[in-house]
Amino acid sequence: MKSKTIAEINEKIANEEANVFTSQELKELIREDNTPNFDEVDVVTCGTCGIMSGTAAIFHLDVFEPGLFKKAKNIYLNGVPGFVGPCPNEWLGSVDTIVYGTSHSVKDHSYGGGFLFKDIIDGKDIEIELESIDGEKYSSTITIENIPTAQMIGTRMAFKNYTSFVNPSKDPVSSIFNGIAMEGNFESFSFSGCGEINPLENDPDQNTVVPGSNILLNGSKGVILGNGTRSSDVKPNFMLTADMHQMEPEFLGGFKTPEGPEIFSSVAIPIPVLNEKILKQLMILNHKIPLPIADIRGRHLQLSETTYEKVWNNFDERPIFHEDKCIKCSSCLVEERCPTIAFTTTFDETSKQDKNLDTEKCFGCGLCKYSCLGGVFEMNTGSIAIDIDDIVHDVPIACRQSDIKRAKSLTNKLKNMIEKKEFKL
Ligand code: SF4
Ligand code: SF4
């Protein structure tokens, strides 16, 4: 069997001779029956983007004067609570804190850790409120410039396996696994996962994606620490870390659900093609990747199964907004529901409504198409046929909790960095 080493690939990268493909480029070549051979491919950049709840950030906030208070007891960043410590801060003024990506603001229940991390990385002013052990309260404003340490830890990221959900009951079910309370009677379908471009789908035995491997987390160079919490051979995921100062705000953010805001992140991992077996595993395509369908009530009752081909192949990655068709409903369901606050209404001086779709914030979830009363969003997200007791339910895909466009964008970025010698394996 032919083989090469990581050192040999790194040398090719240094000499600008490495053949680097994104996973989506490789899959297209396979579909065109034009698969490269072992000598023609050195690295494949794989990626994923989706809600990854097990995300936290460790901050050192250099915000108050030394001696101002003895010890911090509680701290809030834009209303989002952090855990003070673990290192004590006696008389230092500055505070170490851990903030969960899934923590919710105590002031605004549609804001949480995911939105906060994006705002920090975006360089926005962050309001800090602190309560000392003496009960005194202090407040200040900070930007990322005054946060010498900002390290993200993903305790379980880039999962290989997901479950998709439907609601067979009559009543709506509130869950973090859909952007709104999921309507009953098989009226909507939600799923996560980027299928054939996911790193763990492409290296299922974890031959090359190992602790210490370099990665991109939200655009910042980071490393794999190991497997994440609840990871198993059958359902693996990664624990990852990277410095938030180098992250790019477009790759992460908050995602509203009826159970409060969650956090989404983007991960890209290079797979070095060390031997022909690794190349063969990189040939995985969406139609071979199962996607179990479960009852959203309880999550574990599997009702049926589909594949990632049925949810990603040939569907639209983003909606088109036809503003001229908008009937200006008195209460806009899309604005209320859009999980990333990409769709908003502004009013001019004559109180005329103006609807805005922020394409950079948009996650491509599809909830606007599903929800709009005027049918002004053009987006084909597909539907899934589910056979239960010989009755076939054609269930529209209403909410995608992974963003294939962002995932592809990060795999492209990683490929470019490798080609420019800015990223070594
Ligand atoms: S697809 Fe629609 S609902 Fe989803 S994030 Fe984009 S604008 Fe919002
Ligand atoms: S629900 Fe659709 S038609 Fe109604 S205001 Fe919102 S965008 Fe316009």
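Arg 406 counts as buried, at 5% relative accessibility, where buried means under 20% relative accessible area with a 1.4 Å probe and protein chains only. This is a predicted model, in which local features need pLDDT of at least 70 and side-chain atom pairs count only at pLDDT 80 or more, while totals for chains, interfaces and linings use all residues. Side-chain values use heavy atoms, with hydrogens and water left out, residues are numbered from 1 along each chain as its sequence is written, and chains are lettered from A and ligands numbered from 1 in the order in which they are written.

Let us stay with Arg 406 for a moment. This residue lies in helix α9; helices are DSSP runs of H or I with at least four residues, strands are runs of E with at least two, and both are numbered from the N terminus. A polar atom of the Arg 406 side chain lies 2.9 Å from the backbone oxygen of Cys 362. Beyond its neighbours within four places in sequence, Arg 406 is in contact (heavy atoms within 4.5 Å) with residues including Glu 250, Phe 264, Arg 318, Glu 360 and Phe 363.

Helix α9 (404-419) also leads us to α2, as α9 is among the elements that cover the buried residues of α2, along with β1 (20-22), β2 (43-51) and α4 (199-202). Those buried residues of α2 (residues 23-31) are Ser 23, Gln 24, Leu 26, Lys 27, Leu 29 and Ile 30. After α2 comes Asp 33, with a positive phi near 60°.

Cys 362 and Phe 363 bring us to ligand 1, since both are among the residues around this ligand, having a heavy atom within 4 Å of it. Pro 319, Thr 340 and Cys 368 are also among the residues around ligand 1. The shell divides into nine nonpolar, three polar and no charged residues, with Ala, Val, Leu, Ile, Met, Phe, Trp, Tyr, Cys and Pro counted as nonpolar, Asp, Glu, Lys and Arg as charged, and the others, Gly among them, as polar.

The largest pocket holds about 770 Å³ of space. Of its 25 lining residues, Arg 156, Asn 161, Tyr 162, Phe 177 and Arg 299 are the closest to its centre. A pocket here is an open set of points on a 1 Å grid over the protein atoms alone, where a 1.4 Å probe fits, with protein on both sides within 12 Å along at least five of seven lines; lining residues have an atom within 4 Å of a point. The lining of the largest pocket has 10 nonpolar, 10 polar and five charged residues.

The second largest pocket has a volume of about 350 Å³. Among its 20 lining residues, Lys 118, Asp 119, Lys 124, Thr 340 and Lys 361 are the closest to its centre. Its lining divides into six nonpolar, four polar and 10 charged residues, and α3 gives the most to this lining, with three residues.

Key: Grid points are joined across faces, edges and corners, and a volume is the space filled by probe spheres set on the points. Buried means under 20% relative accessible area, exposed over 50%, partly exposed in between (1.4 Å probe, protein chains only). A polar contact is a pair of N or O atoms within 3.5 Å; within protein, one must be able to donate a hydrogen and the other to accept it, and residues adjacent in sequence count only if both atoms are side-chain atoms.
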